[in-house]
Amino acid sequence: MTGSLLRVENLVVEFRGGGAFALRRETVTAVKDVSFHIGAGDAYGLVGESGSGKTTTGRCVLGLQAPTSGSITLGTDDVGELRKRDPQLLHQRIQAVFQNPIASLNPAMTVARILAEPLRRLVGMKDPAAARTRGEELLDAVRLPTDVLDRRPTELSGGMAQRVSIARALASSPSLIVLDEAVSALDVATQAQVINLLADLRDETGVSYLFIGHDLAVVRHLCDRIGVMSQGALVEEGTADQVCHSPQDDYTRRLLDAVPVPDPTVKRVRHGHTTR
Amino acid sequence: MAVLRRVVTRPSGTIPLIWLAVVGFCALFPTVVATHDPNAADFASLLEGPSGAHYFGTDELGRDTFSRVVDAARPAALAGLQAVSISLILGLPIGLFVGYAGGWWDRIVMRVVDAIFSLPGLILAFAIVAILGPGLTNAMYSVGFLFSLRVIRLVRGMVLSVREEPFIEAARLSGAPTTTVLGRYLLPNMMGPLIVQTTISFAAVLIIEAALSFLGLGVQQPDATWGSMLRDARSFQRDNPWIPWPPGLAITLTVLAFNTLGDTLRDVLAAGPGGGSKAPRRGVALGLADGATTAARPAVDDTADPDPEALLSVRNLSVIVPTSTGPAPAVRGLDVDLRPGEIVGLVGESGSGKTVSALAVAGLLPRGVTIDPGSRIHFDGQQLVGLTEARMAQVRGTGIGMIFQDPTASLNPALTVGYQLAEPLRIHHGLSRAAATDRSVELLDRVGVANPRERLRDYPHQFSGGMAQRVMIAMALASEPSLIIADEPTTALDVTTQRQVLELLVELCDDLSMAMLFITHDLGVVAEICDRAVVMYAGQAVETGDVHELFATPDHPYSRALLASVPLLDDDEDRLVTIPGRVPGPGEQIVGCRFASRCEQAHDACAAGPVDLVTLAGGDRSSRCLLSAAAVEDGA
C-alpha cells in the first residue's frame, strides 16, 4: 500500500435522542471507535446493514457530520479543522455520490448548471464557456453524450443521472470520492455498467474511493480492502478476498450468506415446492 | 413557460385569464373603458336602470355605475398587489429561514404563527385597522400580514421536505454557501405551490377587501370600490334590485377567476415533469420515442384461451402509455399464468414493462395509462379487463394483496399503523372495532413483528425499513388473498433484511397457499424464491420457464447477458459483463427482435420481422429468439 491518503482514527459519533423538551435524553452511539486507512488510489469498501453506522462514518469523512471524538486526517490536514478553515478546499478534495440518482440532482437546473457549480465554486472556473467545455469533458469521462448537458435531471434515466452525479464529483479533481450506496438503486444491467465505469475512472484519474454498501458481491468487485461494520463497530477488516472467502467474524459470514446467488441449485429460500 | 402554454390550452385556464386581463386593463386604463367620469353626479338621472347611455344604470347620486365598476378595478388590483407582495416579502424569507435553520428558531416562530392563526382572520384585520386607522392601504397591510403567516407555513413545510434531499447535500459539497442553497436550490423547487398559493391569495384578498370596504373600513368616499358600492347599494336595493348586481358580479367573477386559475395551475404543475406518474414519465422524459409517430400496435399473435386451471391467467396483455410522440405500448402481448400456490418472477431492467404489467393486473395503472381492450386478465375465473373501478377495488380487497417497493412511502405517516391495518378490515370485512384490532394483532404477529399489540399504536416512522415492509405484508394479508403481487418488495432493503423478508414471504405463500407474482430486477432473488420466471425485455416476455432450467441453460441471449452482469462473490473476473446500449422506449418502432441492436449474436434475419415466443424442446419453456426457433425446428 502506498502512503495513506485518509486516516480515520478511533472515530466515535454519538447522537442525542429525544426532542428538545424531552426530560430524559438517550444517547445513541452510531459509530464506536472505528479506525481505518485508505491509501492513495485505493478503493476501500465499508459494508454493513442499515443502521450499522457506515453512512455516518462516510458523512464524517465528508465533513457533513462532526465526530464526537477521534480524528480524520486527509493527507496532512485534519478534516474537522480544514472544514472550519477552508471548507471549499475540503470539498474540492473530498467529493461524494449518493444512493438516489435522480434526487441527488437539483431538478430546477440543467446538467450544464449542475456541473458548473463545483467548477465555479471549488475550482474557480468563472468563465461559463470554459465551464461548458469542461462539462463536456466530464460527461465524456463518464461515457455520456454531450447533449445531456442541456437536459434536466427528470429527463434522465437512473443510470444516466448517476453518471452525472459521478461527473459532478469528478469536477473538482478530488483525491477521494465517498460513494454512499452509489449503485444500490440501479438495476443489475446498469449497476454493472456503473461499477465498471468507477473502476475505469480510478485507473484513469488515480482517485481513491470510500465505497459504502450492503452487498458484498458488489463491494468486492470494486474494492481492494473491505471493512465490515455492525452496530457501529468495525468487526472485521481485510483484503476483499480475505473478507469474502475466509471471513473471521460471524456477522461477516451472515452478511455473505444473505447475498442472493443467481443459481437455484446453490441455496434457496424456497425448498422443494412442487406445482400441481 | 411550458406551464403557461398548457394553462392557456385549457378552458379552465383561458377563461379566467381573459377575465383577469379585462380587469387588469380596466385597472391600468380606467379612462379608456369608462364612459363617464365615475365621480360626476347627475341629479337629472338618479337610480336609473340599465340603458344605452348608462350600461349598468346610475346610483343614488346619478353617477354612472358602469364607470364606477370599471374605476373600482384599480383599488381592487392595488389591494391585491399590496397584500400579496407584503405576504411574500414577509413570509418567504422567514419561512425559508426557519425551515432551513430549524431548532429553536423554528419552534418559536411556528408557535407564534400558530397562535395568531388561531384567531379569526377578519377580526384580527379589524384590530390592525383600528390601530392604524381606516383606509385601503392600512387594511391591506393587515391582510398582507395575515397572509404572510400562510406563506411562512407553506414555505417552511416545503423546505422541510426538500431539505433532506441528497441534491441539497450535494450542493453543499459543491461549495455553495447557505444563501445560494436557499435561493438557487430550495426556492426554484417550491415555485409551483407558491404560484398556486399566490393566485388563491389574490382571491381571498379581494373578498376581504370587499368586506372591509363594505363595512366602511377600506377606501373612503367618493372613490369607488366594489365593496363600498355594495354597501351603498344596500339602502336602495329594495326599490332598485339591479343596483347590487354590477359590483357583486365583479367581485364574484374575479374571485372565481383567481380560484379557477389556481386550480388549473395546480393540476398542470402536478402533471408536469417532477410530478405525475412514474410509468409514463419514463417514456416521455427520456425522449426515447424518437422517430415513431404512430403507436405500433402489437401483433395479436396469441389467441389462446386463458388457462382454466390457473389462478391468474394473463393473455395478450398490452398496456398503452403516453410518450412525447403519442401513445405507445409499454407492454406488448404478455402472457403469464400463475397456478394456486405458485411463485412466479417477472424479471427485467428498468423500462422492461414489468411494473406496468403488475399494476395492470392489480388495476392500479396511473391516469393516462390504459390496457388495450384486446387484453385478457382472468383471475379466479373472472375477466378483470373492463371492470369498473369499484368492482376492481372489491377484487383487490378480497382476492389480491399488493406489496410495494418503498414501505415507508406506502404507509400514511400521519396515522398509526394500527389504524391503517384495522381500517380496511372494518370496511371490507365488516369487523367491529375490537375484532379489527384483534385481527390486526394476529396479522402483525403472523409477519413476525414483536409486541404486536403495543406496536399498533406506533406511527410508520417508528418502524425500520424491514419492519415497515412486514407491516405492508400484514396489510396485504388482511384480505386473505389468494394472490400477492409484490413489486420489488426488497429492493430498498439491505441484504440481511432482504433475506428475512424473502423467507417470510415464501413461508406465508406455503402456509396460506397463496400464489405470488414477484417483480424484481435481481436474478439472485428470483433464483432463491421463484418456481418459474418470465424474463421481460422492452415490453415483451423474451424467455419463460422453470427457474432451475432457466438459470442452468438460459436460452435467450438477453437472459444470458443479464445473468452474466450479476456481480458474484466467488468469481475472479474483475470486470463485470455489461450489455451495450440501452432498452428501447415504448414508442420506438422496431420491426424485428427488440433486443437485436444490443445482441452479440444478432444477424440480418433478426431485424427482418417480428420474432415469436416459441416453445422449446422439453415443453414448459419458451424463448423469443430466432436461434432457438431454428434449433427447435432442427430437433423436430
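A cavity is here a set of grid points where a 1.4 Å probe fits but cannot get out.

**View 1. The largest cavity of the predicted model.** By this rule, six cavities of 30 Å³ or more are counted. The volume of the largest cavity is about 380 Å³. Its lining comprises 26 residues, and those nearest the centre are A:Q191, A:H214, A:D215, B:H521 and B:D522. Two or more lining residues are given by each of helix 7 (188–205), strand 8 (208–213) and helix 8 (216–222) of chain A, and by helix 22 (495–511) of chain B. By residue class, the lining of the largest cavity holds 13 nonpolar, nine polar and four charged residues.

**View 2. The second largest cavity, lined by residues of chain B.** Helix 4 (65–71) and helix 12 (226–234) of chain B each contribute at least two of the lining residues. Helix 12 of chain B provides the largest share, three residues. Five charged residues take part in the lining of the second largest cavity, together with four nonpolar and two polar ones.

**View 3. Aromatic pairs in chains A and B.** Nine aromatic pairs are counted over all chains. In one of them, A:F36 and A:Y44 are stacked, with 4.7 Å centre to centre and 10° between the planes. Both A:F36 and A:Y44 are buried. The pair of B:F25 and B:F29 is tilted, with 5.1 Å centre to centre and 55° between the planes. B:F25 counts as partly exposed because its relative accessibility is 40%, and B:F29 is likewise partly exposed, with a relative accessible area of 40%.

**View 4. An aromatic cluster and two arginines over ring faces in chain B.** B:Y55, B:F56 and B:F66 belong to one aromatic cluster. B:R107 is placed over the face of B:W104, at 5.0 Å from the ring centre. Over the face of B:F117 lies B:R153, at 4.2 Å from the ring centre.

**View 5. B:A617 in a loop of chain B.** The loop that holds B:A617 runs between strand 12 (614–615) and strand 13 (622–623) of chain B. B:A617 has a relative accessibility of 74% and therefore counts as exposed, the cut-off being over 50%. B:A617 and B:A631 are 14 residues apart along the chain, and their C-alpha atoms are separated by 8.9 Å.

Definitions and conventions:
Residues numbered from 1 in each chain as written. Chains lettered and ligands numbered in written order. Predicted model: local features only at pLDDT ≥ 70, side-chain atom pairs only at ≥ 80, totals over all residues. Heavy atoms only, no water. 1 Å grid on protein atoms, 1.4 Å probe; cavity = no way out; pocket = protein on both sides within 12 Å on 5 of 7 lines; lining within 4 Å. Points joined across faces, edges and corners; volume = space filled by probe spheres on them. Helix = DSSP H or I, 4+ residues; strand = E, 2+ residues; numbered from the N terminus. Nonpolar A, V, L, I, M, F, W, Y, C, P; charged D, E, K, R; others polar. Buried < 20%, exposed > 50% of the residue type's maximum accessible area, 1.4 Å probe, protein only. Phe/Tyr/Trp six-rings, centres within 6.5 Å; stacked < 30°, edge-to-face > 60°. Lys NZ or Arg CZ within 6 Å of the ring centre and 35° of its normal.
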